[in-house]
Amino acid sequence: MKSYRKEIFFNIAARMDFVHITPEVQQAIDESGVREGLVLVNSMHITASVFINDNESGLHQDYKKWLEKLAPHAPIEQYRHNDTGEDNADAHMKRQIMGREVVVAITDGKLDLGTWERIFYGEFDGRRRKRVLIKIIGE
Ligand code: ZN
């Protein structure tokens, strides 16, 4: 069995944004040489997500509006986590609901995704360098 590990980095200008990373994940699979196996893609931060959904900008705007309704950033005093001097309690909650990681099958060297499935990085406390782990196992 082969295994391959890669980190990819982000420095998102906004507090919240989504980045389409399907091409980067496929590139890592190509580098690994794995033809049949699994790829795990996870955020290495507790204020960012990796998730699968539609690559459609209206939906991404809907997500931002919905997440801001569920866990508004301000007023920051509404969150006990922010008593520590941080201001990112909302980002922890947004990450929780959007998830930490995805696992996708690799078949014949390609991501075995559903027709409209695409992989995204979800940032909820940006404006600093963050990373995502890609781990591939198979043969
Ligand atoms: Zn925090």
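**Zinc site**

I began with the angles at the zinc ion: its 4 donor atoms subtend 83 to 155°, so the arrangement is irregular. A tetrahedral label would need all angles between 85 and 135 degrees. For reference, I noted that the ideal angle for four tetrahedral donors is 109.5 degrees. The model I am reading is a predicted one.

Which atoms coordinate the zinc ion? I listed NE2 of H81, OE of E86, OD1 of N88 and NE2 of H92, at 2.1 to 2.5 Å. Along the sequence I wrote the spacing of these donor residues as H-x4-E-x1-N-x3-H.

I then traced an open sheet of 5 strands, in the order 1-8-3-5-6 and with antiparallel pairing. Its edge strands are strand 1 (2-11) and strand 6 (110-111), each of which pairs on one side only.

How many bridges join strand 3 to strand 8? I found 7, and the two strands run antiparallel.

**Surface patch**

Last, I looked at L38, which lies in strand 3 (residues 36-43). Its relative accessible area is 41%, so I recorded L38 as partly exposed. L38 also belongs to a nonpolar patch on the surface, together with M1, V103 and I137. I noted about 420 Å² of accessible area for the four residues together.

Conventions: Residues numbered from 1 in each chain as written. Predicted model: local features only at pLDDT ≥ 70, side-chain atom pairs only at ≥ 80, totals over all residues. Heavy atoms only, no water. Patch = residues over 30% accessible without salt bridge, like charges linked within 9 Å, V, L, I, M, F, W, Y side chains within 5 Å. Areas by Shrake-Rupley, 256 points an atom, 1.4 Å probe, with all protein chains shown as cover. Salt bridge = Lys/Arg side-chain N within 4 Å of Asp/Glu carboxyl O. Helix = DSSP H or I, 4+ residues; strand = E, 2+ residues; numbered from the N terminus. Buried < 20%, exposed > 50% of the residue type's maximum accessible area, 1.4 Å probe, protein only. Donors = N, O, S within 2.8 Å, 3.2 Å for Na, K, Ca; no water. Tetrahedral: all angles 85-135°; square planar, octahedral: opposite > 155°, others 65-115°. Pairing = 2+ DSSP bridges.
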